[in-house]
Amino acid sequence: MDPLAPTPVDAARLRRLQVVGLACGFTAGAWLGAAEAPTKMVTLGISPVVISLMMVVGVFLARWSLPALLRGTAAIGDDVRQAPHLVVWAVLAGCLWAVANTLTIFAIKDIGLAIAFPLWNSNSLLGIVWGFVFFNELRGAGWARWAGVLGGALVMFAGAGLLATASSTQAPSGHAWRGVAAALAAGVLWGTMYIPYRKAYLTGMNPLSFVTFFSIGELAMMGAIAIGDRGGVVPLVAELGRARDVLFWLLCGGFVWVVGDLFQQYAAKYVGISRGIPLSNTNQLWGLAWGILVFGELKGAGTALPQVIAGSLCMAAGAVAIALATATAGEHRRWQDAARREGTRYGIDPAYTRAALSGEATGAPRGRRRWLDWSIMIAATAVFVGFAMVARVPELAVNGGALVGLVVASLALLGGSGYALWRVTGFN
Amino acid sequence: MGLAAQRLAAMLRDPQFWVPVAVLVGGLLVLQWIR
C-alpha cells in the first residue's frame with residue numbers, strides 16, 4: 001500500500017459534499033439568470049462595452065465585500081500564504097472572463113442571440129474535456145455516469161439552442177462568420193476559465209479567496225477593453241457621466257451575478273467542472289423565466305411557445321441527468337490523486353490540500369472581523385448608495401406577482417443552499 | 001532558490017498554465033479582428 005496515498009473521504013461525508021455541490025450548481029443557475037433582470041432597467045443607448053464595464057465594477061465591489069463579510073480578509077491572507085501562485089491563476093481566469101464577455105456582445109450583434117447562445121454554451125462540453133484530461137474527473141466513473149454527464153450536457157446544449165431560438169429578438173447584421181468566431185471563442189475562453197478554478201480548489205484555496213483576486217484580472221482587462229473601445233479614458237468617463245442615472249442598475253446586476261458565481265465556484269469545487277458548468281448553465285432557463293414572466297417578453301409569439309417548453313424540458317432533463325451522476329468514491333480518489341499531484345508540484349502542505357478537498361477548515365480558527373473587513377464593506381455599500389441616490393427608475397411594465405415569485409424562489413435557493421454549504425463545509 | 005521562485009518555475013513548467021494563456025491570447029486576437 002502506498003504510504004503517501006490520500007485517505008479516502010468518508011462515504012457519508014462524500015455524499016453530503018456532492019449534494020451540497022449540486023445544490024450550489026442549481027442555485028448558481030438561478031442567480032446568474034436573475035442577474036439579467038436589473039440590466040433590463042437600462043433602456044438608454046449606452047455602449048454594450050460600457051454596460052459590461054459597469055457590471056464588472058459591481059462584480060468587483062461584491063467580490064471584495066462578500067468574502068470580507070463571510071470569512072474576513074485574514075482568512076484570505078492565510079490562503080495566499082499557503083498557495084501564493086494561485087493569485088496569478090485567479091487573475092488569469094478574470095482576464096479570460098472579461099474577454100469572453102466582450103466577445104459575446106459582438107457575437108449577439110453579428111449573428112443574434114439564437115445562434116450565439118448555444119455556441120458559447122458549448123463551454124460545458126469543453127469543461128468536461130478539461131476536467132477529464134487535467135483533473136481526473138470522470139476517471140473510473142463507469143459508463144452510466146459518463147452517459148449521465150455527457151448525455152446531460154448534450155441534451156442541455158440542444159435545449160439551449162431551442163430556448164435561444166425562441167427568445168431571439170436581434171437580427172443578424174451580415175457579418176455571420178465574424179459573429180460565429182466571436183461566439184465560439186467566448187465558449188472556448190469560458191470553458192478554459194474553469195482550469196484555474198479547478199486548479200485552485202484541488203490545491204486547497206477557498207473559493208471566496210479565489211474570486212477576490214479573480215476580480216482584479218476581470219476589472220483590469222475589462223477597463224482596458226472599454227478604454228480601447230471608447231478611444232481613451234476621457235470619452236469613457238464622459239459616457240459614464242451621461243449614463244449616471246442608470247449605472248446603479250448595472251451595479252446591481254453585477255452584484256446579483258456575483259452571488260450566482262460564488263455558488264458556481266463551490267459547485268466547481270465539490271462536484272467538479274464537468275458537472276458544475278452544465279448545472280450553472282441552467283441560468284438560461286432562469287433568464288428566460290424572468291424575461292417571459294416578469295418583463296412580458298415573447299408576448300403574442302404563440303409559435304415560439306412549443307420551442308420554449310421543449311427547450312426548458314431539455315435543459316431540466318439534462319440537469320437532472322447530471323445531478324444523478326454524482327462522483328463515486330473511486331472517482332473521488334482520482335480527484336485526490338490530482339490534488340496530491342498539484343501539492344507535490346507546487347510544494348503545498350498536504351494537510352492543507354486534503355482538508356480543502358474534504359470541505360474542512362484549514363489553518364487557524366477564524367477570528368473576528370478586522371477594521372479592514374468593515375472598511376471594505378462600508379466603502380462598497382457607500383458606492384452602491386451613492387449610485388442609488390442618483391438613479392432613476394425607468395417606466396417599465398412588470399408583472400408584480402411573477403417578480404415576487406421569482407425573487408422568493410431565488411432567495412429560497414440562496415437560503416437553503418447557503419445554509420447547507422455553511423453546515424457541511426463552513427464556507428470552506 | 002526560495003520557495004516563491006520554485007513555485008514560479010513550477011508554474012512556468014506546468015502545461016496547464018499555458019493552455020489558458022494561449023486561449024487568452026487567441027481570444028484577444030479574435031476580439032481585435034472582429035472590432
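**One residue, then its setting**

Analyst: Phe427(A) is placed in the segment that comes after α18 of chain A. In this predicted model, the backbone of Phe427(A) has a positive phi of about 60°, although the residue is not a glycine. Because Phe427(A) has 19 C-beta neighbours inside 10 Å, it counts as partly exposed, the threshold for a buried residue being 20 or more. Helix α18 itself, residues 400–425 of chain A, has the highest mean pLDDT among the elements of that chain, at 93, whereas helix α2, residues 36–39, has the lowest, at 72. For chain A as a whole the mean pLDDT is 83, and 91% of the residues reach 70 or more. Where pLDDT is low, the predicted coordinates should not be read in detail.

Asn136(A) belongs to the loop between α6 (123–135) and α7 (142–167) of chain A, and since 21 C-beta neighbours lie inside 10 Å, Asn136(A) counts as buried. Ala289(A), by contrast, is a helical residue, lying in α13 (residues 283–294) of chain A, and its 19 C-beta neighbours inside 10 Å are the reason why it counts as partly exposed.

Once residues up to four places away in sequence are set aside, Ala186(A) touches Ala100(A), Leu103(A), Thr104(A), Ala107(A) and Trp120(A).

Helix packing can be followed in two pairs. Helix α8 (residues 176–203) and helix α15 (residues 329–346) of chain A pack at an angle of about 85°, their axes being 8 Å apart, which means that α8(A) is roughly perpendicular to α15(A). On the α8(A) side the contact is formed by Lys199(A), Leu202(A) and Thr203(A), and on the α15(A) side by Trp335(A), Ala338(A), Ala339(A), Glu342(A), Gly343(A) and Tyr346(A); by class, this contact has 5 nonpolar, 2 polar and 2 charged residues. The other pair, helix α9 (residues 207–230) and helix α10 (residues 233–242) of chain A, packs at about 95° with axes 7 Å apart, and these two helices are therefore roughly perpendicular to each other as well. Here Ala226(A), Ile227(A) and Arg230(A) of α9(A) meet Val233(A), Pro235(A), Leu236(A) and Glu239(A) of α10(A), a contact that divides into 5 nonpolar, no polar and 2 charged residues.

Finally, there is the contact between chains, in which 20 residues of chain B meet 25 residues of chain A. On the side of chain B that touches chain A, α1 (3–13) and α2 (15–34) of chain B each supply at least two residues, with α2(B) giving the most, 12 residues. By class, that side of chain B has 14 nonpolar, 4 polar and 2 charged residues.

How values were computed. Residues are numbered from 1 along each chain as its sequence is written. Chains are lettered from A and ligands numbered from 1 in the order in which they are written. This is a predicted model: local features need pLDDT of at least 70, side-chain atom pairs count only at pLDDT 80 or more; totals for chains, interfaces and linings use all residues. pLDDT is the predictor's confidence in each residue, from 0 to 100. Helices (H or I, at least four residues) and strands (E, at least two) are DSSP runs, numbered from the N terminus. Two residues are in contact if their C-beta atoms, placed from the backbone, lie within 7 Å. Axes are lines fitted to C-alpha atoms, for helices over the stretch in contact, and angles run from 0 to 180 degrees between N-to-C directions. Angles under 35 degrees count as roughly parallel, over 145 as roughly antiparallel, 65 to 115 as roughly perpendicular and the rest as oblique. Ala, Val, Leu, Ile, Met, Phe, Trp, Tyr, Cys and Pro count as nonpolar, Asp, Glu, Lys and Arg as charged, and the others, Gly among them, as polar. A residue is buried if 20 or more other C-beta atoms lie within 10 Å of its own, exposed if 12 or fewer, and partly exposed in between; C-beta atoms are placed from the backbone.
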